[in-house]
Structure formats: C-alpha cells, structure tokens
Amino acid sequence: MLPPRTTRQILIRDLRVGGDAPVAVQSMAATPTRDVEATLRQVRILEEAGADLIRVAVDSAADVAALRELRRHSDARLSVDLQENYRLAEEVAPLVDKLRYNPGHLHHHEKERPVADKVAWLVEVCRRHACALRIGVNAGSIAPEYKQRFPDDHVQAIVQCAVDHCALVDAADFEHYVVSIKDSDPRLVIDANVRFAEARPDVPLHLGVTEAGLPPDGIIKTRVAFEQLLARGLGDTLRVSLTLPFDEKGREIEVGREILADVAAGRFRSVPPSFFEGLNIIACPSCSRVENERFIELAQEVKRITADLADEDLTIAVMGCRVNGPGETDDADLGLWCGPSKVNLKQGPETLGAYSYDEILPALRSALERLLRERAGEPR
Ligand code: SF4
C-alpha cells in the first residue's frame with residue numbers, strides 16, 4: 001500500500017488525481033505534433049500501454065490544426081504543453097482536458113504584461129473550457145526573476161517559483177491544478193518536491209525526472225526519485241521520461257506502473273552512492289519540438305562512443321531541440337543540442353561549433369579527449 005496523501009482531489013475530464021485516487025501514469029508524444037499520422041500512432045501506443053493521460057506539445061498554428069485532427073481520431077485524455085507561445089491556450093483548450101504552462105517561459109511573449117495577468121488569463125481559459133492546469137516548473141528553464149533572487153540556491157529558486165505560481169492561481173479562485181518541479185538529477189527532484197510539499201501539502205504533485213535519458217540508467221534515476229517520494233506519500237501522477245525509439249514509448253508507462261507496484265509492495269531497489277559518480281549522460285525524451293528524427297540514434301551513439309569513459313567524472317547532455325537545448329546544456333561538461341541539419345556542440349555555456357549529423361560524433365570525441373587532457377594538466 002502507498003502511504004495516504006494529503007492533497008486535494010482534482011478532475012482531468014473523468015480522471016481523479018490527488019487525495020485517495022490511484023496515482024495516475026502519463027506520458028508524452030515524442031513526434032512532431034504537425035505529423036498527425038505519427039503522433040496519432042504515439043497516442044495509440046501510449047493508450048495501449050495504459051496511459052491515463054497523454055500530452056502533446058503545441059507551438060504553432062500548424063500544431064493546433066494537427067491537434068484538431070488528433071482530437072477527431074482519438075478520445076484519449078489529452079494534455080497540451082504550452083511553451084513560449086502561451087497565447088495558443090485559447091485555441092487548444094476546447095480540444096483537450098488539461099493545459100500545462102512553464103513559468104520559465106511566460107516572459108518571452110508580451111514582455112510588458114505582468115506574469116500575474118498572464119496566469120489569470122490562462123486560468124480563465126481553463127475555467128471556460130473545463131480544463132485542468134499544470135504549473136510545470138523545470139530547472140533547465142528557471143524564470144529569470146527567480147535566478148536573480150536565488151543565485152546560489154537552485155532548488156529554492158524552483159520551489160519558490162512553484163509556490164508563488166500556486167498563489168497566482170489561487171488568487172484566480174481555481175482549484176483544478178497540479179504542480180511539477182523537475183530536474184535531471186533525481187536527488188534535486190526529491191529535495192525540491194519535499195520542500196514544495198511542506199509549503200503546499202494540499203496541491204497535487206506531478207512527479208518526473210526530466211531528461212533521465214537512455215535505459216537502463218534513465219530508469220534507475222527515475223526510480224531513485226519516485227521511490228523516495230512515493231514512500232513519503234508524495235506524488236499523485238507521474239511521468240517517466242526516457243530516450244526511446246518512438247515505437248517503444250509505451251515502455252515509459254510500463255516502467256511507471258512497475259515502480260508504483262514495487263513501492264506499494266515495499267520493494268525498493270537500493271542504488272549505491274557510486275551510481276552518481278562517473279559518466280552521466282543526460283538525454284531528453286524527445287517531443288513535438290525535436291528537430292531531427294536522428295536525435296534518438298544520436299543519443300544512443302553518444303552512449304556507445306563514451307562507454308570506455310564510464311569512470312570519468314563527466315556529464316554529457318544530449319537535447320533534441322533549440323527550445324530547451326541551449327539552456328539545458330549549460331551545466332553539462334559537454335552538451336549537444338539538435339538543429340534540423342546540424343548539431344551544436346558546447347563545453348559548459350560556450351559553443352564550440354555546429355556539426356552535421358555525420359560529423360558530430362568524431363567532434364564530440366575530440367572535445368572529450370581535449371577536456372580530459374586539460375583536466376590532467378596536459379597541453380591541449
Ligand atoms: S529538449 Fe526539446 S525535443 Fe527534447 S523534450 Fe525538451 S523540448 Fe522536447
């Protein structure tokens with residue numbers, strides 16, 4: 001049995017989330033939304049795997065048109081991920097059951113409009129169309145104000161941002177919302193969610209380790225966070241983010257259900273502290289914004305060509321697009337983010353160059369070797 005939870009219960013169409021409802025398992029389509037056929041296939045794969053809710057990203061008018069088609073062909077519960085273009089909410093809300101906004105992306109459009117106004121407007125859209133809402137805070141895209149307020153406490157920055165946005169939604173007198181606070185490091189996910197739940201024990205939590213990466217490490221990282229949080233009675237819905245071929249996306253739902261069953265049965269997989277030492281490959285799970293389908297293969301190849309560096313204290317981030325790629329590679333030793341025909345290679349925040357998909361792996365390998373020589377105090 002999972003411990004009792006203190007959150008209030010909300011509805012996502014007919015799905016109860018929070019309170020004594022079973023923990024809902026959800027996932028996200030990894031294909032470009034405007035490719036209706038491929039995205040409908042993703043929706044069906046996830047539905048067959050038992051997803052309670054399926055998210056798609058919408059960034060453009062073409063995506064909205066595709067979502068309309070998806071809705072015509074599927075009655076799955078759908079959630080929409082709004083990123084920078086939050087004003088698309090009005091057009092997509094009639095088609096879906098839930099909207100997600102990222103507080104870290106609200107400043108991009110209508111820069112003069114106060115964030116509180118934007119949130120109040122989003123809430124009104126949700127209310128009008130009977131949609132639930134997620135405040136989805138992501139450590140890779142912290143709102144600038146919170147970066148400035150908490151320059152030395154990354155976790156407090158994301159927790160405070162989530163708490164403040166709850167207050168904005170509360171001020172609009174709206175209850176049907178959940179909060180997620182994600183990071184690629186499961187230890188930070190635990191810390192942030194525990195701190196948030198202390199401040200707001202009533203708000204349902206959506207759990208996730210973002211960019212957990214390729215299996216099996218991506219599954220282990222996710223387990224580390226979910227076991228700790230679920231065992232404390234935290235988590236009302238969850239999403240496992242793995243870098244997988246599109247046809248294998250159902251695995252995310254299976255892993256989520258396996259973790260839930262294990263925690264409910266008291267089966268915990270202890271991870272030695274050494275798991276967090278050595279090479280760490282962070283990779284996004286892909287979504288509608290992925291710029292080139294070769295991204296998944298690229299992430300797998302990065303793992304293959306670095307297998308001999310398993311003991312090195314290195315973090316390599318591999319991201320699928322320009323929306324989150326540049327920001328989420330800043331903290332890695334080496335980062336790759338995909339464009340349509342080129343892959344950008346970075347060392348920390350510095351860009352080293354842009355390479356074709358055929359050239360990037362040798363370029364990465366050279367950069368790695370140079371970095372290791374520098375660390376050893378050898379000339380470049
Ligand atoms: S990095 Fe881009 S492609 Fe990857 S999951 Fe994030 S938004 Fe989607």
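Author: In this predicted model, the axes of helix α4, residues 115-128, and helix α6, residues 154-171, come within 9 Å and cross at roughly 55°. Angles under 35 degrees count as roughly parallel and those from 65 to 115 as roughly perpendicular; α4 is therefore oblique to α6. The crossing of α4 and α6 is right-handed. On the α4 side the contact is made by Ala116, Val119 and Val123, and on the α6 side by His165, Leu168 and Val169. Sorted by class, the residues of this contact are 5 nonpolar and 1 polar, with no charged residue.

From α6 the chain may be followed onward. The loop between α6 and β8, a strand of residues 177-182, contains aspartate 173. Aspartate 173 is not a glycine, yet its phi is positive, at about 60°.

The axes of helix α7, residues 186-199, and helix α8, residues 217-231, come within 8 Å and cross at roughly 25°. With that angle, α7 and α8 are therefore roughly parallel to each other. Their crossing is right-handed. Helix α7 contributes Pro186, Val189, Ile190 and Asn193 to the contact, while α8 contributes Lys221, Val224, Ala225, Gln228 and Leu229. By class, the residues of this contact are 6 nonpolar, 2 polar and 1 charged.

Helix α8 also meets α9: the axes of these two come within 10 Å and cross at roughly 40°. This angle makes α8 oblique to α9. The crossing of α8 and α9 is right-handed. The contact is made by Ile219, Thr222, Arg223, Phe226, Glu227, Leu230 and Ala231 of α8, together with Val255, Ile259 and Val263 of α9. These residues divide into 7 nonpolar, 1 polar and 2 charged.

The peptide bond from proline 215 to proline 216 is cis, with omega near 0°.

The protein chain is divided into domain 1, residues 10-264, and domain 2, residues 277-375. The C-alpha centres of the two domains lie 25 Å apart. In the contact between them, 21 residues of domain 1 meet 18 residues of domain 2. The side of domain 1 that touches domain 2 has 9 nonpolar, 9 polar and 3 charged residues.

A second sheet remains to be described. Its 5 strands form an open sheet in the order β11-β12-β13-β14-β15, with mixed pairing. Strands β11, residues 280-283, and β15, residues 350-356, stand at the edges with a single partner strand each, so one side of each is left without a neighbour in the sheet. Neighbouring strands here are turned by 15° against each other on average, direction ignored.

Which strand pairs with β15? Strand β14, residues 342-347, does, in the antiparallel sense and over 6 bridges.

Helix α10, residues 295-305, lies across β11, β12 (315-319), β13 (334-338) and β14, and runs at about 165° to β12. Helix α12, residues 360-375, touches β13, β14 and β15, and its direction makes about 5° with that of β14.

To return to the place of the request: α4 and α6 cross at roughly 55°, with a contact of 5 nonpolar residues and 1 polar residue.

Methods:
Residues numbered from 1 in each chain as written. Predicted model: local features only at pLDDT ≥ 70, side-chain atom pairs only at ≥ 80, totals over all residues. Axes fitted to C-alpha atoms, helices over the stretch in contact; angles between N-to-C directions. Helix = DSSP H or I, 4+ residues; strand = E, 2+ residues; numbered from the N terminus. Parallel < 35°, antiparallel > 145°, perpendicular 65-115°, else oblique. Left-handed = near helix turned anticlockwise from the far one by under 90°. Contact = placed C-beta atoms within 7 Å. Nonpolar A, V, L, I, M, F, W, Y, C, P; charged D, E, K, R; others polar. Domains from an automatic or database assignment. Pairing = 2+ DSSP bridges.
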